[in-house]
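Student: I would like to work through this structure step by step. May we begin once it is displayed?

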Amino acid sequence: MIDLNQTLKELATPDLVYKPWCIQYPDTEVSYELNSRLIHLLWKFHGLAGEDPDKHLKECHVVSSTMRPHDIYEDYVTMKAFPVSLDGVAKNWLYLQPDPINIWTNMKRRFLEKFFPASRTTS
C-alpha cells in the first residue's frame with residue numbers, strides 16, 4: 001500500500017524488503033548444486049527481437065539434461081539452470097514475475113507468452 005504522505009526522498013529510496021523469488025523448487029531429500037563447469041554452456045537469452053526463445057528453451061533443456069544426476073528430476077535441474085541463462089530484459093522479466101512458478105512447463109509457457117507472442121507466429 002502506498003503512503004500518500006511520503007516525501008520525495010522516501011519515494012526515491014530503494015525498497016529493502018525483497019519480494020520472494022518467483023521460482024519455487026520442490027523439496028528434495030538430495031541437495032543439488034549446478035555443475036559450474038557446465039554452466040558456461042548455457043546460452044544467454046537477452047530478450048532481444050532477433051533472438052529465438054523457443055530455441056533457447058531447447059538449448060537450456062539440452063544443457064540441463066547433461067548436468068542431471070540420476071537421482072534428481074530433470075525439471076528440477078532445468079529450473080535451477082534457467083535463471084542463469086537469462087540476461088538483460090529477460091532477467092528483469094523473471095525478477096518481476098508476480099506469482100510463484102514451481103513447474104518447468106509453467107515456466108516455459110510464461111516465457112514464450114512474453115518473448116514469443118502469437119503476433120510473432122503469424123510473421
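Tutor: Helices here are DSSP runs of at least four residues, numbered from the N terminus. Please bear in mind that this is a predicted model.

Student: Is serine 85 buried or exposed?

Tutor: A residue counts as buried when its relative accessible area is under 20%. The relative accessibility of serine 85 is 0%, so this residue is classed as buried.

Student: Which backbone oxygen does the side chain of serine 85 reach?

Tutor: Apart from residues up to four places away in sequence, serine 85 touches Leu42, Trp43, Lys44, Phe45, His56 and Cys60. The backbone oxygen in question lies at 2.6 Å from the side chain of serine 85, and it belongs to phenylalanine 82.

Student: Which residues have the most contacts inside the largest nonpolar core?

Tutor: In soluble globular proteins, nonpolar side chains tend to be buried together. The largest nonpolar core in this model has 26 residues. Helices H3, H4, H5 and H6 each supply at least two residues of this core. Those with the most contacts inside the core are Met67, Phe82, Met107 and Phe111.

Student: With which residues is phenylalanine 111 in contact, leaving aside its neighbours within four places in sequence?

Tutor: Phenylalanine 111 is one of the buried residues of H6. Beyond its neighbours within four places in sequence, its contacts are Phe45, Pro53, His56, Leu57, Phe82, Leu86, Trp93 and Phe116.

Student: How far apart are the end C-alpha atoms of H6?

Tutor: H6 has twelve residues, and at 1.5 Å a residue these should span 16 Å. The model agrees with that expectation, as the end C-alpha atoms are apart by 16 Å.

Student: Within what arc do the buried residues of H6 fall?

Tutor: The buried residues of H6 are Trp104, Met107, Arg110, Phe111 and Phe115. Seen down the helix axis, they line one face of H6, because they fall within an arc of 125°.

Student: Against which helix do the buried residues of H5 pack?

Tutor: Ala90, Lys91, Trp93 and Leu94 are the buried residues of H5. They cover an arc of only 155° around the axis, and therefore sit on the same side of H5. The helix against which these buried residues pack is H6.

Note on methods: Residues are numbered from 1 along each chain as its sequence is written. This is a predicted model: local features need pLDDT of at least 70, side-chain atom pairs count only at pLDDT 80 or more; totals for chains, interfaces and linings use all residues. Side-chain values use heavy atoms; hydrogens and water are left out. A nonpolar core is a set of buried Ala, Val, Leu, Ile, Met, Phe, Trp, Tyr and Cys residues joined through side-chain atoms within 4.5 Å. Buried means under 20% relative accessible area, exposed over 50%, partly exposed in between (1.4 Å probe, protein chains only). Contact means heavy atoms within 4.5 Å. The expected span of a helix is 1.5 Å times one less than its number of residues. The arc is that of the directions from the helix axis to the C-beta atoms. A polar contact is a pair of N or O atoms within 3.5 Å; within protein, one must be able to donate a hydrogen and the other to accept it, and residues adjacent in sequence count only if both atoms are side-chain atoms.
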